[in-house]
Every structure is written in structure tokens, then in C-alpha cells.
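Please read them with the structure open beside you.

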Amino acid sequence: MRFFDPHIHMISRTTDDYEAMARAGIRAVIEPAFWIGQPRTTLGAFVDYFSQILGWERFRASQFGIAHYCCIGLNSKEANNEALAREVLEILPRFAFKEGVVAIGEIGYDEISAAEERAYVWQLEFARKHDMVVMVHSPHRDKKRGIQRSIAVAREVGLPMEKLVVDHNNEETVKDVLDAGAWAAFTIYPHTKMGSERMCEIVKRYGPRQIIVDSSADWGVSDPLGVPKTAKLMLERGVPPEHVEQTTWSNALAAYSQSGQIDVEALLTTPVIDQRALFSDNSVLRGQAPRVDAPVPN
Amino acid sequence: MSSLDVCLSALDARLDARQQDWFQRARAEVRQGADDDRFCQLLSQASRYAPRGALAPSESELSAARAALEGWSLERWSVLECVRVALVLSLERLSEPRGERAVEEAFRYADIGEMCALYKSLAHLPLPERFVWRAGEGARSSMRALFEAAVCDTPFPARYFDDNAWRQAVIKCLFIEAPMWRVWGLDSRLEPELARMALDLVEERRSAGRPIHPELWICLGRHAGARGVAQLEREIREGSPRARAGAGLALARARELDRLQTALASESDPFVRQILTEALAGRAASSSWSALDPTHKPLTPVR
């Protein structure tokens with residue numbers, strides 16, 4: 001099977017992870033812009049971060065046969081530094097239309113503060129104006145209210161609901177998102193958010209429509225194989241294969257290919273690796289023999 | 001005694017001659033108007049002289065601290081933090097924009113230990129409300145040491161956070177596993193919206209098949225309502241001993257004494273019985289949850 005992990009922070013992951021992901025059948029990933037575990041203090045840090053997820057990380061993924069897309073956005077936590085947030089929003093349009101940017105994200109609420117809402121609305125309006133998809137990060141605390149408000153505000157701004165992906169759902173929030181007509185994404189985390197067993201139950205209960213599974217793996221305890229492992233469990237527990245395929249591949253593809261940035265045909269062909277390629281004269285190799293013309297095992 | 005006096009007198013008894021010599025020179029430099037750059041260096045250098053161990057204040061030092069600033073938990077400070085805060089409090093013209101800038105610059109370049117000391121200093125500064133946003137950064141942090149320095153063991157959030165920031169900080173204790181019972185002033189700032197957020201979280205946890213953190217029930221206070229009471233009764237029926245003890249304390253706070261009595265009558269665990277008996281006798285302040293905190297060791301003051 002092939003998989004799409006539409007939410008993962010690869011800059012925090014190792015090349016071992018990339019190899020394991022390719023082996024498990026992950027063909028494509030989306031790296032949404034987020035914080036880095038602690039707040040940045042300068043605009044330059046954001047500029048370099050956006051460049052990194054658009055540049056070096058995209059190249060690095062390609063060296064393992066994985067297509068790498070990204071989202072550009074100002075996350076909710078750092079929106080609370082309003083002076084810096086204004087500067088970031090000012091330069092955001094310079095990055096938002098780059099090749100491989102499939103959405104504005106991940107944006108939304110953390111503390112559900114007024115400053116977060118201002119940055120969220122600004123970015124929603126930007127997305128609507130440029131017909132872009134939006135990936136919403138839902139808050140840990142007061143999640144249900146936070147999600148309801150994310151949807152209501154997006155609707156008020158006039159963002160079409162099929163352009164809205166709300167992430168980090170759980171049993172208490174999924175209905176609100178599906179009823180709104182938005183995409184409901186679920187993050188499989190070993191200890192928090194959503195476990196694979198619960199994910200099976202949700203797909204059995206609500207069906208596969210508009211439901212997306214992702215790993216959101218990052219610098220915390222998380223699993224870059226969350227999507228294929230959940231798919232395996234769903235099959236074992238009797239979820240129909242076509243439902244597994246939809247929730248771990250084609251729904252994410254449908255949601256994010258609205259950006260026009262995903263070459264679906266190319267994704268369907270078996271990727272071939274050429275590790276002799278360079279990025280700014282730099283290689284992922286550290287003295288090993290390059291893998292050339294190696295098809296990604298599946 | 002001012003906060004600075006309390007720090008200086010505590011340090012007098014704890015720094016040896018070499019440490020004291022460095023500290024006095026550093027402090028003189030700060031008082032003579034060291035620029036921001038030098039001030040940041042001195043805050044860093046402190047770690048090369050001052051001991052990192054707990055300050056372990058005596059009873060009289062603790063009461064002097066409480067008299068200087070209500071809610072000051074000096075027992076949670078290290079000697080090094082005390083040195084750093086004393087340096088901050090020695091800054092000239094601290095109430096002027098220059099002082100604010102010096103503190104902000106120090107935060108910007110701080111490592112984790114310096115940041116903890118700086119967060120602990122905020123409630124002691126003149127015009128502390130200038131630093132509400134900065135304290136909020138501590139509450140937004142994912143590093144527990146920083147979060148605790150900014151949110152627990154300081155009167156700052158209860159005094160200066162707005163309602164939203166306050167609720168977020170309190171609920172976040174559960175997410176970051178910081179001791180909620182150590183949030184100073186929590187019982188004086190309970191309100192229905194905080195209880196509502198806590199109860200939504202209960203439903204989320206139940207849907208996920210996860211246990212409820214016993215400290216969550218602190219948030220209900222007397223605003224449990226029928227929804228809260230139903231959840232507490234369920235916890236009494238199904239929960240672990242710690243969970244039952246936490247729910248029992250919450251029943252007392254919700255003034256549901258009949259239900260608490262019933263819970264006590266059917267309780268067989270001696271530890272839980274003791275907590276519930278005390279709750280019935282009116283001892284159910286948020287500090288009572290310290291008995292349920294497996295990481296909590298009562299501090300023995302040095303005499």
C-alpha cells in the first residue's frame with residue numbers, strides 16, 4: 001500500500017526515519033509551518049525556517065523517494081508576540097506562492113487569545129483571496145470550543161468549507177467538523193491526541209468521507225510511521241480496504257491537491273532515488289555510496 | 001523588609017567568601033549602571049559562583065518572605081536563583097523604561113536557568129503588570145521548569161493575568177504535568193468558565209478512555225453544577241484511590257456533603273478515608289491535593 005502523511009515536521013526527524021517511512025510505503029508528506037518548541041525572537045528566524053521547509057527539507061525528502069510539500073503560516077503560539085507577528089505576516093506572501101506550498105497552515109488557536117484570532121483572521125482572508133487551502137491546528141486546551149470557533153471564524157471570513165482542514169480532532173470534535181463540511185484530520189500520537197485503536201472506531205462509526213489520518217511527528221515523542229501502522233490496524237480490525245485507502249491516502253490527496261501543487265500522476269509512479277543530486281552543493285550523504293536508480297521498496 | 005533585603009540576608013548565610021566576593025562586585029556593578037550587555041553577562045556568570053542547590057529557607061526566612069510579598073514561595077528557590085533575582089532587584093531605575101528594557105533583554109538572551117530566575121523575579125519588580133506578556137510566554141512554554149517558574153510558586157498569574165490567560169495557565173498544568181495545587185491564589189480565582197473548561201476536558205478524556213487527573217477537580221470549586229457532580233460520583237465509583245480522594249475533596253468544595261458522607265461510608269482504602277474525613281471537616285483547599293501528588297515531598301525547613 002502507499003500512504004500520504006499530510007502532517008509531519010520532517011526537519012526534526014532523522015534519515016533513519018526517512019528510510020523507514022519509505023519502506024513502510026509513505027510516498028508523500030506535508031510539512032506545515034509551526035513553532036520550533038520554543039518561541040523565535042526575530043523575523044530572520046522565520047525567514048530561514050520557511051526557506052528551510054521549502055528548500056533543504058524538500059530536497060532531503062526527495063533523496064529518500066518521498067515527495068515533500070509544505071504549508072506556510074504563522075502558528076498560533078507565536079501569534080501572541082504581536083510585534084513580531086506583524087512582521088511575519090508582512091513577509092508571508094513572499095513564501096505562500098512558492099512551488100510545493102499546498103496550504104496556509106498550521107494556523108488557528110492555542111490559548112484562544114485576541115492576538116491569535118487577529119493572526120488567524122488575517123491568514124484566512126489571505127487564503128480566501130488567493131483561493132488557498134487552510135490547515136487549522138486545534139488547541140490542546142478547550143479543544144471543542146476552539147474547533148467550533150475556528151470553523152465559525154473561517155466561515156465568517158468566507159473560506160469555502162472544502163478548503164478547510166481541521167487537524168488534531170478527537171471523538172468529541174469530529175462531528176462538528178464533518179457537519180460543517182470541512183476535512184477532519186486526526187493525529188496519531190502514542191500517548192496524547194489519538195491512538196490507532198480509537199482511530200479504527202472513528203472510521204467505523206463515521207465512515208471514511210472527509211477523514212484524514214496523519215502523524216504530526218515532530219521533536220516530541222511521536223511516530224513517523226503512525227499512518228501506515230494505523231492503516232494496518234484498521235485492516236486487521238475489519239475496516240474495508242477502500243476506507244483505509246481513503247483515510248490514509250486519497251482524502252489528503254483530494255484536499256491538498258486543490259492547491260494545484262501536487263502532480264498526482266507523478267506520485268502514482270514508483271519513485272526512483274538518485275542520491276548523487278546536490279542542493280546548494282550539499283548532499284545528504286556522509287561518505288556513503290549513493291543509492292542510484294534504486295526503486296523505493298514497497 | 002523588601003524582597004531584596006530578604007534575598008540579601010538569605011545569601012549572607014549561604015555564600016562562602018569567594019562566592020560572596022563575586023556577588024558583591026557584581027551587585028556593585030549593576031547598581032552603578034552596568035549596561036544591558038554587561039548585565040546579561042553577570043546573570044550568566046552567576047552560575048559559575050553560586051550553588052545550584054535549594055535555598056532551603058528557615059521558618060523565619062519563610063515568614064519574612066511572605067511578609068515581603070504575599071504568595072512568595074521562597075522554599076522553591078535555589079541559591080543561584082536568589083543571586084540572580086538579587087541582581088535584577090539591584091538594577092537602577094527599575095521602574096523606568098530603562099529597567100524594563102534591561103529585564104526584557106535579559107529574557108531574550110537567557111538560558112533555561114536564567115529564565116526560571118527571571119520569571120520568579122517578576123512579581124517582585126515595581127509595576128509588575130508591565131511584564132504580563134512576558135509571564136505569558138512562560139505559561140506558553142512547553143518546558144515544565146519554565147512553566148512552573150512562571151505559573152506555580154508565584155503570585156504573578158493570580159494577580160495580573162487576564163481571565164483567559166489565567167484559565168489557560170491553570171488548565172495547562174494538567175497537560176504539562178505541573179502541580180496545579182501549587183498555583184498560588186487558585187482558590188480565590190475559581191469561576192464557572194474554568195469549571196466548564198475542566199468538565200469539557202473530563203468528557204474528552206472519558207471518550208479517549210483515559211484516566212482523569214485528580215487535580216483537575218480543583219478547578220470546579222463550588223461551580224461543579226449537576227454535570228460536575230455526576231462526574232465526581234462516577235469517579236468515586238470507578239476511580240483509583242487517588243482519583244477517589246481527589247473527587248472526594250471536590251465534593252466537599254462543591255458543598256455536596258451528603259454525597260461525600262456516602263462516599264466515605266463505602267470507602268475501604270485507609271488513605272482515601274483519611275482524605276475524605278478531612279474534607280468533611282472542611283479541609284479541602286487546593287493545597288490538600290499535595291497529599292495526592294506522588295512527586296511531592298514535604299519540605300523540612302532548616303532551623
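1. Helix 8 of chain B crosses helix 9 of chain B in the left-handed sense, and this, like everything below, is read from a predicted model. The residues that make the contact are Ala135(B), Gly138(B) and Ala139(B) on helix 8 of chain B, and Leu146(B), Phe147(B), Ala149(B), Ala150(B) and Val151(B) on helix 9 of chain B. Sorted by class, this contact comprises seven nonpolar residues and one polar residue, with no charged residues.

2. As for the geometry of this pair, the axes of helix 8 and helix 9 (residues 144-151) of chain B lie 7 Å apart and meet at an angle of about 140 degrees. Because of that angle, helix 8 of chain B counts as oblique to helix 9 of chain B.

3. Turning to the contact between the chains, chain B and chain A contribute 17 residues each. On the side of chain B that touches chain A, the elements giving two or more residues are helix 8 (132-140), helix 11 (163-176) and helix 12 (192-207) of chain B. Helix 11 of chain B gives the most, with six residues, and the residues of this side divide into five nonpolar, five polar and seven charged.

4. Pro179(B) sits in the loop that runs between helix 11 and helix 12 of chain B. Pro179(B) is classed as partly exposed because 17 other C-beta atoms lie within 10 Å. Apart from neighbours within four places in sequence, Pro179(B) is in contact with Cys152(B), Cys173(B), Asp293(B) and His296(B). For Asp293(B), which is 114 residues away along the chain, the C-alpha separation from Pro179(B) is 7.7 Å.

Definitions and conventions:
Residues are numbered from 1 along each chain as its sequence is written. Chains are lettered from A and ligands numbered from 1 in the order in which they are written. This is a predicted model: local features need pLDDT of at least 70, side-chain atom pairs count only at pLDDT 80 or more; totals for chains, interfaces and linings use all residues. Two residues are in contact if their C-beta atoms, placed from the backbone, lie within 7 Å. Helices (H or I, at least four residues) and strands (E, at least two) are DSSP runs, numbered from the N terminus. Ala, Val, Leu, Ile, Met, Phe, Trp, Tyr, Cys and Pro count as nonpolar, Asp, Glu, Lys and Arg as charged, and the others, Gly among them, as polar. Axes are lines fitted to C-alpha atoms, for helices over the stretch in contact, and angles run from 0 to 180 degrees between N-to-C directions. Angles under 35 degrees count as roughly parallel, over 145 as roughly antiparallel, 65 to 115 as roughly perpendicular and the rest as oblique. A crossing is left-handed if the near helix is turned anticlockwise from the far one by less than a right angle, and right-handed if clockwise. A residue is buried if 20 or more other C-beta atoms lie within 10 Å of its own, exposed if 12 or fewer, and partly exposed in between; C-beta atoms are placed from the backbone.
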